[in-house]
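Subject: The structure I promised you

Hi,

Here is the structure I said I would pass on. Open it up beside this email and follow along as you read.

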Amino acid sequence: MKKIYTIGRDEGCDIVIPDNTDIISRLHATIRVESNGKIFLTDQSRNGTYVNGMKMSSNVEIPVSRKDVVSFAHIYNLDWSLIPFQKKNTLRTMLVVVMSLAVLTGIALGTKYLYDNNQQVAPVEPQPIAEPPTVIPEPEPDTVIVRDTVVVKPEAPVPPKQENKDTIKANKTKEEIYDPIY
């Protein structure tokens, strides 16, 4: 948004400079103030407008600041207090403020909700973590490898026949199978 202020001796100007000598033009100059605060001056007079003592070209817009000394025909200096400060984006500023308040309100309500819910529930005491039971495997029964042992007993004595000496000796001996592991 920008605002243009007219300066001159005409009663219809925004800033009226009283002059009975007609040195100040009816519409001597215009000042344009932009929404970002920049200020531009345009000379539209016969006798000139001066910025910091230097005459500006007619109908050429130049940037100025509130620190500059603006003189109209060297008889009247501009009173900057007559040029109001432009409000900078008040709508955007208000929107930022409203959004910030909404966020802060949401955080406050959320915190209150969580606090209230925590107060209603009985506090839960931490339970120690139970270790899983240690499974002790059933001991396997002792295993014994059993090997067959054959005991050969001599048969009942047989009446002696006439046998050869080797046969008689074999019948009288016991034979055992021996397991060397035990």
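Let's start at aspartate 68, which counts as buried because its relative accessibility is 18%, under the 20% cut-off. Keep in mind that this is a predicted model, so every value here is computed from predicted positions. You can find aspartate 68 in the loop between β7 and β8. Its side chain reaches the backbone nitrogen of serine 65 at 2.9 Å. Leaving out residues up to four places away in sequence, aspartate 68 touches Val51, Asn52 and Trp80.

The core

The largest nonpolar core has 19 residues. Ile7, Ile31, Leu41, Phe72, Leu78, Trp80 and Ile83 are the ones that touch the most other members. Which elements give two or more residues to this core? They are β1 (3–8), β3 (29–33), β4 (39–43) and β8 (70–72). β3 gives the most, with three residues.

Setting aside neighbours within four places in sequence, isoleucine 7 is in contact with Cys13, Ile15, Ile17, Arg26, Leu27, His28, Ala29, Ile31, Phe72 and Leu78. Among these contacts, Ile31, Phe72 and Leu78 also belong to the core list above.

Now for the rings. Searching the whole structure turns up one aromatic pair. The ring centres of phenylalanine 72 and tyrosine 76 are 6.4 Å apart and the planes meet at 20°, so this pair is stacked. Are the two partners buried or exposed? Phenylalanine 72 has 0% relative accessibility, so it counts as buried. Tyrosine 76, at 24%, counts as partly exposed.

The sheet

Five of them form an open sheet, in the order β2-β1-β3-β4-β7, and the pairing is mixed. β2 (15–16) and β7 (61–64) stand at the edges with a single partner strand each, so one side of each has no neighbour in the sheet. In case this is new to you, strands of a sheet pair through backbone hydrogen bonds, and they can be parallel or antiparallel.

You can see both kinds around β1. β1 and β2 run parallel and are joined by two bridges. One place to look is glycine 8, whose bridge partner in β2 is valine 16. β1 and β3, on the other hand, run antiparallel, with five bridges between them. Here you could look at isoleucine 4, whose bridge partner in β3 is arginine 32.

Two serines in loops

Serine 45 sits in the loop between β4 and β5 (49–51). With 13% relative accessibility, serine 45 counts as buried. What does its side chain make polar contacts with? One is with the side chain of histidine 28, at 3.3 Å. Another, of 2.8 Å, is with the side chain of aspartate 43. Not counting residues up to four places away in sequence, serine 45 touches Ser25, His28 and Ser58.

That brings us to serine 25, in the loop between β2 and β3. Serine 25 counts as buried too, at 7% relative accessibility. With residues up to four places away in sequence left out, serine 25 touches Gly8, Arg9, Ser45 and Arg46.

The whole chain

Finally, zoom out. The protein chain has two helices and eleven strands. Along the sequence they follow the pattern β-β-β-β-β-β-β-β-β-α-β-α-β. Of the 182 residues in the chain, 20% are buried. The chain exposes about 15,400 Å², and carbon and sulfur atoms supply 59% of that. If you take the contacts between residues at least 6 apart in sequence, 37% of them join residues at least 24 apart.

Cheers

Methods
Residues numbered from 1 in each chain as written. Predicted model: local features only at pLDDT ≥ 70, side-chain atom pairs only at ≥ 80, totals over all residues. Heavy atoms only, no water. Phe/Tyr/Trp six-rings, centres within 6.5 Å; stacked < 30°, edge-to-face > 60°. Buried < 20%, exposed > 50% of the residue type's maximum accessible area, 1.4 Å probe, protein only. Helix = DSSP H or I, 4+ residues; strand = E, 2+ residues; numbered from the N terminus. Contact = heavy atoms within 4.5 Å. Areas by Shrake-Rupley, 256 points an atom, 1.4 Å probe, with all protein chains shown as cover. Core = buried A, V, L, I, M, F, W, Y, C linked by side-chain atoms within 4.5 Å. Polar contact = N/O pair within 3.5 Å; in protein donor to acceptor, adjacent residues only side chain to side chain. Pairing = 2+ DSSP bridges.
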